[in-house]
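Try each task on the model before you read its solution.

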Amino acid sequence: MTTHGPGRALGRRSVLHGAAVASAALALPAAGGAPAVAAPGQIRAGRPRAAWGVQAGDVTSSSGVVWVRSDRPARMIVQTAATESFRNARTWHGPLVGPGTDFTGRTALHGLPSGEQIHYRVVLADPDDYRRTSEPVAGTFRTAPVRRRENVRFLWSGDLAGQGWGINPDLGGYRIYEEMRRRDPDFFLCSGDNIYADGPIAERVTLPDGRVWRNVITEEKAKVAETLAEYRGNFRYNLLDRHLRRFNAQVPTIVQWDDHEVRNNWYPGQILDDARYTEKNVDVLAARARRAFAEYFPLGTLRPDGQGRVYRVLRQGPLLDVFVLDMRTYRDANSPNRQPVDRGGILGGEQLRWLKRELSRSRAVWKVIASDLPLGLVVADGKTDFEAVAQGDPGAPLGRELQIAELLRHIKHHRVTGTVWLTADVHYTSAQHYSPERAAFKDFAPFWEFVSGPLNAGGFPAVGLDGTFGPRQVFVKAPSRANVSPAEHPQFFGEVDIDGDSGELTVRLREDGGGVLFSRTLQPGRVGQ
């Protein structure tokens, strides 16, 4: 997390070459949509292969998690070094990967030097003959600094392969990942909807103007996901994209989940009335989805068997702590959301207590609250129920708003400074400023909420605002009709820069192509902005 200049990426050439070794084995499909080569799980001859690339995640000043997927049972071995020559490398012996985790593996790294570029490479060894090893696949990441004067840059967005818009070979696939890679961030925060398990992908879709959108197709994306194998296949689908694999090799991630990792607008205890599903119990589907989610991302708090939790805090040095929320696992049922007492809320009691405690303990200049749903945007679930926090009643807090009011009151009374909310979910980009001067509920300090996304999904019109917490929308860019394809409307990501000298935090809302749509600079040390 050093100064962001044009020369920073030059030391990563070998990393990108290593990523290209893996990328060559997973070229985009030919015109008919069938894979150009067999998927790794179908290949058994010769040495193990790591053709799905590598990922690093949950990186702090001294630790991180590295991910890989093999084509067969293998021992995961990771080497780390200060240079791309891997002189004086440190070796980490990871797990034996096999069918129990869909041949994915994760290795936790500890005791890393702070504020340094870490080069790593993963080798897969045949468990019956360790001399038979895969080609090494390389990656890199920067550990968080411990010194205040080092700048921080990160990106955020969400919503990938949604509404039937998948990897389009005619457009070059997920090109937005290449644009984000060139921004050279310290990490990428994915705000949820990493997959659309409830969204089958057809080979061709005719656009309103007569053009044809072509998708890469796979067996698992032909129907809604219900089995563990189908959920796993949804996560593998995105890794067919070379831009995403190259991005993963260079940029560590912080991931959270939302609804489409399971199915649209799900909540615990839900019983489906949807003819597409033979399994109607959402708790069964969620357990399978959670396990696949844990297998396919390098999370430090969620084990590959799905045990553990998604919510966590990532310490990024003196300037930044990132508080990752889980607004799915502990929520109450979707409803008209107007109950005067709501004990479960959208976070559940335990997560709310954790969040208040960790916010109060944080000594970082900025506390980014990574929320998988917006606060004041009215997100409906059918004709009478609501999916997020707000329900459109501009009066005193009701339903899930009660829990958010409790959190905002805590932030004010405990003088927690520098809180900024980031989210995705609604498939457009916007900026909202919340202030008690405009609100029905007044016992809180002003704050900002920024929305970005989608990465590669349908665009949707902007929804209304709920006046309970006094939002004022200072910027919005959204299409005028529902499910506008990525070929017809820009996709979006956000960028955050924190200046090491002044402590100022600048948010830029960007669209694919790199253009800045909106920018706002916030001053440090304030309870409200």
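Predicted model: local features only at pLDDT ≥ 70, side-chain atom pairs only at ≥ 80, totals over all residues.

Residues are numbered from 1 along each chain as its sequence is written, and side-chain values use heavy atoms, with hydrogens and water left out.

**Exercise 1. Work out how H6 packs on H7, and which residues make the contact.**

Step 1: Find H6 at residues 349–361 and H7 at residues 401–413. Helices (H or I, at least four residues) and strands (E, at least two) are DSSP runs, numbered from the N terminus.

Step 2: Check the geometry: the angle is about 15° and the axes are 10 Å apart. Axes are lines fitted to C-alpha atoms, for helices over the stretch in contact, and angles run from 0 to 180 degrees between N-to-C directions.

Step 3: That angle makes H6 roughly parallel to H7 (angles under 35 degrees count as roughly parallel, over 145 as roughly antiparallel, 65 to 115 as roughly perpendicular and the rest as oblique).

Step 4: List who touches whom, with contact meaning heavy atoms within 4.5 Å. H6 brings Gly349, Leu352, Leu355, Lys356, Leu359 and Ser360, while H7 brings Gln403, Glu406, Leu407, His410 and Ile411.

**Exercise 2. Is H3 enclosed or open, and what does it pack against?**

Step 1: H3 spans residues 228–238, and ten of its eleven residues are buried, so the helix is largely enclosed by the rest of the structure. Buried means under 20% relative accessible area, exposed over 50%, and partly exposed in between (1.4 Å probe, protein chains only).

Step 2: Among the buried ones are Leu228, Tyr231, Phe235 and Tyr237.

Step 3: The buried residues of H3 pack against strand S2 (64–69), helix H4 (242–250) and helix H5 (282–296).

**Exercise 3. Which strands stand at the edges of the seven-strand sheet?**

Step 1: Read off the order of this open sheet, S14-S15-S16-S19-S21-S20-S22, with mixed pairing. Two strands pair if DSSP finds at least two bridges between them.

Step 2: S14 (312–315) and S22 (471–477) are at the edges with a single partner strand each, so one side of each has no neighbour in the sheet.

Step 3: Look inside the sheet, where four bridges join S19 (residues 419–423) to S21 (residues 447–451) in parallel. Leu422 stands opposite Phe450 there.

Step 4: H6 lies across S14, S15 (320–324) and S16 (366–370), running at about 180° to S15.

**Exercise 4. Describe the hairpin of S24 and S25.**

Step 1: S24 (residues 505–511) and S25 (residues 516–522) run antiparallel, joined by six bridges. Arg508 has Ser519 as its bridge partner.

Step 2: Four residues lie between the strands, and Gly513 in the turn has a positive phi of about 105°.

**Exercise 5. Is Arg290 buried or exposed, and what does Arg290 touch?**

Step 1: Arg290 is found in H5. Its relative accessible area is 13%, so Arg290 is buried.

Step 2: Leaving out residues up to four places away in sequence, Arg290 touches Trp257, Leu302, Gly306, Gly308, Arg309, Val310, Asp326 and Thr329.
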